[in-house]
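Please walk through this structure one region at a time.

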Amino acid sequence: MTNGSEAERSMNRRYIVHIDIDAFFAAVEVLLNPSLKGKPVIVGGLAYERGVAATCSYEARKFGVHAGMPLHKCYKLCPQGVFVRGNNQVYQAFSEKFFHILHEYTPDVEDASLDEAYLDLTRCRPLYRSFSEAARQVKRRVEKETGLKVSVGVGANKILAKLATKRAKPAGFFEIEPGREEEFLKGLGIEDLPGIGPKAQVVLRLLNIHKIGDLWGLPRATLRSLFGLGGEEIYLQSRGIDSRPVFMATTPKSVSRETTFLEDLWDRRLLLAHLAYLCDRLTLGLRQERLYAHVIEVKARYSDFATEVRRRLVLMPLQEMEKIYKIAEELFLGLIASSRLALRLVGVKASDLVRVRPLALFEPYSDRAERLGHAVDRVREKYGFGSILTIREKMLDSIYDFEPRRGFVLKTASLTK
Ligand code: DCP
Ligand code: CA
């Protein structure tokens with residue numbers, strides 16, 4: 001390799017930092033209740049309750065307990081464990097603080113989850129004497145200001161940085177130095193690659209492939225014929241090739257859904273059925289984007305094209321279908337009460353969006369409705385959007401074509417997306 005291309009390569013090199021909070025929910029519980037320090041803590045519910053562990057402290061992991069394990073099984077493995085139900089809003093507040101700190105180091109921050117982020121420091125080179133020092137400083141700052149331990153991995157792209165974090169856990173810092181990628185990857189187990197699921201693992205182990213280095217001997221075409229497109233992914237990942245950018249989730253101003261009717265509509269029940277369906281689609285969008293709305297607005301357009309909107313501000317931002325529909329219904333009924341015209345369009349909009357719901361100071365907090373929303377999404381992912389609809393929404397049956405995968409095919413095409 002010539003010096004020129006080496007220099008070029010280092011010019012194009014990105015400096016990606018992956019950072020992940022250790023045993024996030026459990027660590028927060030320990031902060032809230034220091035007497036839990038050093039104990040096996042299991043978050044997700046009490047030992048006799050139904051449900052699964054959301055996570056557990058490293059002390060509990062020694063007993064074989066892990067996230068997703070049914071609570072009764074956790075109890076069997078670790079009867080001395082301290083079981084706590086947990087509080088999502090507190091975790092979200094910690095998450096917000098976490099991201100706030102990260103944004104001080106670079107605008108290029110991607111939130112991979114509540115407690116996990118990628119930072120691309122490349123653009124901010126002039127700000128730092130040394131990237132490595134900056135990355136270590138991020139770790140120290142987060143730990144000092146949140147009281148939580150984090151693991152940090154550094155590499156030339158997202159997959160390398162993430163694998164480095166895995167190596168760094170718990171509470172460590174691991175940097176894959178330029179040119180040492182091969183050496184780093186070679187010895188990792190195939191189970192470490194996100195592109196290799198349990199099924200692919202079985203197939204590869206039958207072929208006596210256990211380490212990432214073993215994968216390098218397999219031709220690209222073989223991987224493709226074994227795993228299809230997934231094989232292509234495995235080929236690239238195993239070589240540490242990943243050109244995905246660090247993607248900033250900017251908070252949109254609003255999310256809205258509206259539809260024009262096939263014919264102008266009078267019937268209140270049918271109007272409300274449309275409104276309910278639109279709220280359902282809207283809240284799906286909010287959940288996907290992990291957004292909560294402070295303002296709910298409904299819109300009505302009459303047969304003479306006059307358009308009116310009404311909105312309400314809520315102090316506790318909302319994401320749940322039931323709550324948003326209830327407000328939308330009230331606003332809508334108030335809006336059309338004084339009109340004698342038929343309607344040609346109805347719409348609902350959520351705005352003043354936030355990513356994190358603040359702590360509930362004055363009302364007891366329950367995330368039941370929120371969890372219900374996510375459960376509905378899981379069923380719909382499997383069986384289609386139309387697999388779960390309220391009775392109110394089902395009234396649209398008499399008007400629109402119904403596709404189990406997409407739901408009702410409304411007139412405004414963009415709505416059925
Ligand atoms: N979480 C959850 N349900 C899951 C997985 C995770 O509710 N099935 C929550 C609890 C975790 C948090 O998300 O604390 C972060 O998930 P991680 O996978 O990063 O796990 P932890 O932070 O708990 O542990 P680790 O130190 O392995 O990152
Ligand atoms: Ca974590």
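On one side of helix H9, Pro-198, Lys-199, Val-202 and Leu-206 are exposed. Exposed means over 50% relative accessible area, buried under 20%, and partly exposed in between, with a 1.4 Å probe and protein chains only. Helices (H or I, at least four residues) and strands (E, at least two) are DSSP runs, numbered from the N terminus. This is a predicted model: local features need pLDDT of at least 70, side-chain atom pairs count only at pLDDT 80 or more, and totals for chains, interfaces and linings use all residues. Residues are numbered from 1 along each chain as its sequence is written, chains are lettered from A and ligands numbered from 1 in the order in which they are written, and side-chain values use heavy atoms, with hydrogens and water left out.

Which residues of H9 are buried? In this helix, which spans residues 198-206, they are Ala-200, Gln-201 and Leu-204. These residues cover an arc of only 105° around the axis, so they sit on the same side of H9. The arc is that of the directions from the helix axis to the C-beta atoms. An α-helix has 3.6 residues a turn, so residues three or four places apart point the same way. The buried residues of H9 pack against helix H10 (212-215) and helix H11 (220-227).

Asn-208 follows H9. This residue lies in the loop between H9 and H10. Asn-208 is exposed, with a relative accessible area of 55%. Glu-191 is in the loop between helix H8 (181-186) and H9. Glu-191 is partly exposed, at 39% relative accessible area. Not counting residues up to four places away in sequence, Glu-191 touches Lys-166, Gln-201, Arg-205 and His-210. Contact here means heavy atoms within 4.5 Å.

Now the metal. The calcium ion (ligand 2) is coordinated by Asp-20 (OD), Ile-21 (O) and Asp-115 (OD), at 2.1 to 2.3 Å. Donors are N, O and S atoms within 2.8 Å of the metal, or 3.2 Å for Na, K and Ca; water is not among the atoms, so sites may look incomplete. Along the chain, the donors follow the spacing D-I-x93-D. Both Asp-20 and Ile-21 are buried.

The largest nonpolar core has 43 residues. Such a core is a set of buried Ala, Val, Leu, Ile, Met, Phe, Trp, Tyr and Cys residues joined through side-chain atoms within 4.5 Å. Those with the most contacts inside this core are Leu-275, Val-298, Phe-332, Leu-343 and Val-348. Its largest share, 12 residues, comes from H13. Leaving aside neighbours within four places in sequence, the contacts of Leu-275 include Val-298, Phe-332 and Val-348. Another core, of 38 residues, lies apart from the largest one; among its members are Tyr-15, Val-41, Phe-98 and Phe-99.

Aromatic rings come next. A search of the whole structure finds 11 aromatic pairs. Rings of Phe, Tyr and Trp (its six-membered ring) pair if their centres lie within 6.5 Å; planes under 30 degrees apart count as stacked, over 60 as edge-to-face and the rest as tilted. The rings of Phe-24 and Phe-25 have centres 5.4 Å apart and planes at 55°, so this pair is tilted. Phe-24 and Phe-25 are both buried. Tyr-277 and Phe-408 form an edge-to-face pair, 5.3 Å centre to centre with 70° between the planes. This pair links distant parts of the chain: Tyr-277 is in helix H13 and Phe-408 in strand E14 (residues 407-408), 131 residues apart. Ring pairs join Tyr-277, Phe-385, Phe-402 and Phe-408 into a cluster.

Asp-280 is in helix H13 too. Asp-280 is buried, with a relative accessible area of 5%. Its contacts beyond four places in sequence include Arg-380 and Phe-385.

Last, the backbone. A cis peptide bond, with omega about -5°, joins Lys-169 and Pro-170. Asp-352 has a positive phi of about 50° although it is not a glycine.
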